Amino acid sequence: MVLNNPAEEPDMSQEEFILIRDFLHEKSGIYFPENKQYLVKNRLVRRMAELGIKTYRDYFYHVKYDTSMREFHLLMDLMTTNETSFFRNEPQLTSFKDEVLPLLIDKKKSENKPKTLRIWSAGCSTGEEPYTLGILIQEKLAGLQGWTTEIIANDISEEVLQKARKGEYSGLTLRNLSPAILAKYFTKNGDNYTVNTKTRALVKFSHMNLNDPRRISVHGNFDVIFCRNVMIYFSEEVKKQLVRGFFNSLEPGGYFYIGHSETLHGISKAFKLVYLKNALVYQKEGKGATTGSRPAGIPGVPRYSSKEAGATSGATKALDLLSKIKPMTTKK
Ligand SMILES: C[S@@+](CC[C@H](N)C(=O)[O-])C[C@H]1O[C@@H](n2cnc3c(N)ncnc32)[C@H](O)[C@@H]1O
């Protein structure tokens, strides 16, 4: 049964909303404030009709007591926002390719470390982010011998992971890809572009709930973690716990990218905020940690690579604000 007439849709009481909202938060970390009640309702109504379930309370018990977890996975497919695209936020990616990767490569060489790059794309959606990272790494490593790359990519939604593993794309998501990159890293089939085998082999997709600290704690030794546009959906308490986990999963000197409109202000003081030429990035201080260059065009701001622990000064707050607004002026 599919509902076409909104008048047939069951109303959601405040109590039902809170039952479902708190369940979602406990399980996934995703938090829907009261003004998003309509969104929760709209996303559930079709599924309830398919199941022949008449009230949101009954749906809540259906998902809560489904020991197979099948309904929970479907619920996650419905409740997550999966917007993404290739080369999303180019300044961050340029900083990764032209600044972070060279620093990591030099550091590993000088410390005689294994020539391995370990990258984590946490909340990878349909795969565009980890494949973009794979492309950038191949571009950077071209001509260098003996390097291996591991990109771990995961998401809570099985539906997006299926698409990611397939690696087949069309339409708007490809809009930031140059013809040269399309020709080099994709095969064309009609309107569809499939990521080539070599790039796909770099990325290991798996299901993971970022609101599961035990799962996070077994992931480690990353050189760079990307968790962009994911934590915006989480409550503060879940963000704090997850960022602690990311910190522990990074190698000393490793880098942490969050979305360009996000900040760790009020979430964590453990990371150092580094001002690279193209973007801001967080770094876990430690042996071999590198400092960024001074951001261009900010007169009067002290030369920086300062720990966010000191994030109470006016200058730091100004820079924190800048981290939110700067990318809006650049091409996405
Ligand atoms: C807006 S997309 C961001 C994709 C990509 N990182 C980017 O910036 O383009 C957010 C992704 O986070 C995933 N997500 C939300 N909650 C999650 C959780 N608890 N564990 C793992 N992934 C989660 C969603 O399923 C969704 O695919």
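For these notes I count Ala, Val, Leu, Ile, Met, Phe, Trp, Tyr, Cys and Pro as nonpolar, Asp, Glu, Lys and Arg as charged, and the others, Gly among them, as polar. The model I am reading is a predicted one.

Entry on the ligand. I sorted the shell around the ligand by class and found eight nonpolar, twelve polar and five charged residues. I then looked up which of the 25 residues around the ligand come nearest, and these are Thr80, Thr84, Gly123, Ser125 and Ile156.

Entry on helix 2 and helix 4. I looked at helix 2 (residues 37-51) against helix 4 (residues 70-79), whose axes come within 9 Å and cross at roughly 140°. The two helices are therefore oblique to each other, and helix 2 passes helix 4 in a right-handed crossing. On the helix 2 side I noted Arg43, Leu44 and Arg47, which meet Leu74, Leu78 and Met79 in helix 4; by class, this contact has four nonpolar, no polar and two charged residues.

Entry on helix 5 and helix 6. I turned next to helix 5 (residues 90-110) and helix 6 (residues 128-141), which pack at an angle of about 35° with their axes 10 Å apart, and here too I recorded a right-handed crossing. Helix 5 brings Leu93, Phe96, Lys97 and Leu101 to the contact, while helix 6 brings Thr132, Leu136, Ile137, Glu139 and Lys140. I divided the residues of this contact into five nonpolar, one polar and three charged.

How values were computed:
Residues are numbered from 1 along each chain as its sequence is written. This is a predicted model: local features need pLDDT of at least 70, side-chain atom pairs count only at pLDDT 80 or more; totals for chains, interfaces and linings use all residues. A residue is near a molecule or strand if its C-beta atom, placed from the backbone, lies within 6 Å of it. Axes are lines fitted to C-alpha atoms, for helices over the stretch in contact, and angles run from 0 to 180 degrees between N-to-C directions. Helices (H or I, at least four residues) and strands (E, at least two) are DSSP runs, numbered from the N terminus. Angles under 35 degrees count as roughly parallel, over 145 as roughly antiparallel, 65 to 115 as roughly perpendicular and the rest as oblique. A crossing is left-handed if the near helix is turned anticlockwise from the far one by less than a right angle, and right-handed if clockwise. Two residues are in contact if their C-beta atoms, placed from the backbone, lie within 7 Å.
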